[in-house]
Amino acid sequence: MSELAQDERIKTTSPLRQALVRPELGSIAGTIVVFLFFGFLAYDSGMFSPRGVMNWSTVSAQFMIIAVGACLLMIAGEFDLSVGSMIGFAGMMIAIFSVTLDWPVWTAILVTFLLCTALGALNGYIVVKTGLPSFIVTLAFLFILRGFTIFFPQLIERKTIIGGVSDAAEGDWLASVFGGKVGEPVFIWLADLGLIDVFERGNRAGQPVIDGIPALIIWAIGLVIVGHFILTRTRFGNWIFASGGDAQAARYVGVPVNRVKISMFMFSAFCACVFATCQVMEFGSAGADRGLLKEFEAIIAVVIGGALLTGGYGSVIGAALGALIFGVVQQGLFFAGVESSLFRVFLGVLLLAAVILNTYIRRIITGEK
Amino acid sequence: MSPLFEMQNVEKHFGTVIALGGVNFSVSAGECHCLLGDNGAGKSTLIKTMSGVHPPTSGQLFMRGERLTFRDPREAMGHGIATVYQDLAMIPLMSVSRNFFMGNEPVKNILGINLFDHDFADRVTMEEMRKMGINLRGPHQAVGTLSGGERQTVAIARAVYFGAKVLILDEPTSALGVRQTANVLATVDRVRQAGIAVVFITHNVRHALAVGDRFTVLNRGKTMGTAKKGEITPEELQDLMAGGQQLAELESSLGGTV
């Protein structure tokens with residue numbers, strides 16, 4: 001054991017080190033840095049105008065939705081590399097059910113959610129029963145689901161994009177839960193007060209440039225709150241930490257580790273499905289290439305948020321901030337007029353820095369050398 | 001005094017391998033019964049049979065004279081048989097209080113939702129740790145910052161708090177330094193005085209003699225007999241564990257240091 005083991009030495013731990021041992025700390029610092037950076041670099045580019053804010057908020061919210069699922073799963077000690085393919089698959093299923101099969105959109109959405117969470121459960125079941133790394137199992141599903149997502153529309157409609165979802169979703173109660181906007185009267189009122197610009201020309205002249213908060217953002221905030229609450233305030237949350245921290249030790253004291261892991265795979269699939277549904281309702285179509293690389297973006301957001309890749313440690317709030325950093329940087333570089341390919345360079349550097357910081361924090365907590 | 005927990009002629013076979021070939025063992029309330037055996041003697045199999053991981057192939061287990069059967073560790077725990085494993089007692093990344101209540105989280109109901117009662121968990125953890133002589137910095141201190149001995153103590157305190165009547169300790173001292181070993185042995189003594197039956201598994205004769213009331217040696221899957229404290233010398237125990245002569249010869253060449 002290290003010298004940390006001695007009681008009298010443990011009291012000399014500096015407040016800085018104690019503060020470091022919070023999963024969110026890195027992402028809080030990162031968020032501040034990113035906002036300061038773009039505050040200087042892109043101040044007059046419109047990034048912080050109501051429209052600009054709405055732009056990066058929406059992008060961040062997309063990342064947040066899948067990051068919450070990936071975060072809880074990673075804390076439970078597993079990965080899901082099939083998130084991106086699941087997004088494409090879910091969107092395609094909604095389009096096929098509602099447009100090709102002409103089901104009511106709400107039925108299409110509900111059936112798709114059931115199907116996707118069942119696939120998530122299958123992912124989890126295979127991982128738990130075979131003891132294989134989830135990395136491999138979900139990698140298989142990455143290909144399987146993407147394959148079907150391309151195959152089905154070609155088989156049925158001889159194309160890889162199915163449109164017409166918007167028409168089908170007209171007036172559908174469940175579609176508006178994913179594709180609607182909230183708070184329109186507030187924004188009209190703000191526009192009347194002159195706090196938000198209004199369109200000056202075109203067929204929407206006189207309407208505020210932002211006419212509501214997209215349901216996507218509400219979903220993101222809702223999932224973050226629910227995820228954080230479950231993780232920190234419920235007994236199930238303790239089981240999530242325990243399952244990822246040391247599955248065998250958790251089993252010995254009666255934690256239903258397999259059940260916890262399978263339900264986290266289902267939750268990850270659920271989040272992918274929320275993302276897909278919002279996207280399909282926004283675009284009015286489903287494409288076979290949707291959601292590409294999203295699994296990695298989700299994992300990156302979670303790692304920036306302070307979760308350990310090895311499981312057992314992390315924070316939903318951290319993951320949400322990681323997603324915010326992700327969205328702000330991606331859109332900020334665009335506003336600042338920086339070549340967009342540099343975004344990937346930045347992302348790689350950020351990921352590396354986050355992982356190194358997290359490993360260091362892990363050593364502090366566990367007293368490893 | 002009649003034994004609290006007893007095993008009679010317990011055998012455990014894995015295919016053609018006879019891991020346990022007739023084990024007789026008993027432990028009374030307030031007693032520390034040391035089970036000694038070298039590597040491969042069948043200690044792990046015996047622990048797993050006692051704690052419900054493996055059902056015995058033949059033989060019986062009794063609790064207060066009543067026949068016991070259990071299919072999994074949870075059922076064994078239900079009968080008050082708790083096991084503290086050497087490496088798998090605690091999760092280093094989690095706080096002491098989260099570890100303490102892992103699998104048995106206290107809940108309070110607020111607006112129909114069952115919440116983890118952190119206040120209760122934190123308070124009880126601090127109290128129980130103080131009883132065991134460990135002053136925590138706080139209930140949120142990660143277990144990873146505790147020493148190996150303290151981790152064992154937390155695990156023991158946890159088992160006792162959740163109603164262990166028979167406490168099985170799997171080599172609690174084998175990975176520890178001198179001072180930490182002393183702390184764990186003191187904890188074992190405290191637990192025994194509280195009226196709990198302790199099964200102390202070890203291959204270290206000195207640790208066994210320090211706290212044991214009775215000693216049973218396991219060799220090649222069989223119990224070689226039981227001796228009371230004071231009836232047996234460390235050398236005799238050592239020889240029994242090694243199965244006779246070999247060690248005595250070896251020991252003379254090493255100058256009696258084993």
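Which are the buried residues of helix 6 of chain A? Point 2 takes this up.

1. Basis. This is a predicted model: local features need pLDDT of at least 70, side-chain atom pairs count only at pLDDT 80 or more, and totals for chains, interfaces and linings use all residues. Residues are numbered from 1 along each chain as its sequence is written, while chains are lettered from A and ligands numbered from 1 in the order in which they are written. Helices (H or I, at least four residues) and strands (E, at least two) are DSSP runs, numbered from the N terminus.

2. Helix 6 of chain A. Its buried residues are A:Val105, A:Ala108, A:Ile109, A:Thr112, A:Phe113, A:Cys116, A:Leu119, A:Gly120, A:Asn123, A:Gly124, A:Val127 and A:Val128. Buried here means 20 or more other C-beta atoms within 10 Å of the residue's own; exposed means 12 or fewer, and partly exposed lies in between, with C-beta atoms placed from the backbone. These buried residues pack against helix 5 (83–100), helix 7 (134–157), helix 8 (165–169), helix 9 (173–179) and helix 14 (257–283) of chain A. Contact requires C-beta atoms, placed from the backbone, to lie within 7 Å.

3. Helix 6 of chain A covers residues 105–130, 26 residues, and should span 38 Å at 1.5 Å a residue; its end C-alpha atoms are 37 Å apart, which agrees. The expected span is 1.5 Å times one less than the number of residues. A:Gly131 follows the helix, with a positive phi near 75°.

4. Most residues other than glycine have a negative phi. A:Arg158 has phi near 60°. It sits in the loop between helix 7 and strand 1 (161–162) of chain A. A:Arg158 counts as exposed because it has 7 C-beta neighbours inside 10 Å. A:Leu293 has phi near 70°. Its place is the loop between strand 4 (286–287) and helix 15 (294–304) of chain A. A:Leu293 is exposed, with 9 other C-beta atoms within 10 Å.

5. Helices 15 and 16 of chain A. Helix 15 and helix 16 (residues 316–335) pack at about 115°, their axes 7 Å apart. Axes are lines fitted to C-alpha atoms, for helices over the stretch in contact; angles run from 0 to 180 degrees between N-to-C directions. The crossing is right-handed. Right-handed means the near helix is turned clockwise from the far one by less than a right angle, left-handed anticlockwise. A:Glu297, A:Ile300, A:Ala301, A:Val302 and A:Ile304 of helix 15 meet A:Ala319, A:Gly322, A:Ala323, A:Ile325 and A:Phe326 of helix 16. By class, the contact has eight nonpolar, one polar and one charged residue. Ala, Val, Leu, Ile, Met, Phe, Trp, Tyr, Cys and Pro count as nonpolar, Asp, Glu, Lys and Arg as charged, and the others, Gly among them, as polar.

6. Helices 5 and 6 of chain B. Helix 5 (residues 148–161) and helix 6 (residues 178–193) pack at about 15°, with axes 8 Å apart. That makes the two roughly parallel (angles under 35 degrees). This contact has four nonpolar, eight polar and no charged residues.

7. Interface. 26 residues of chain B are in contact with 27 residues of chain A. Helix 2 (73–78) and strand 8 (113–116) of chain B each supply at least two residues of the chain B side. That side has 15 nonpolar, seven polar and four charged residues.

Key. Two residues are in contact if their C-beta atoms, placed from the backbone, lie within 7 Å. Angles under 35 degrees count as roughly parallel, over 145 as roughly antiparallel, 65 to 115 as roughly perpendicular and the rest as oblique.
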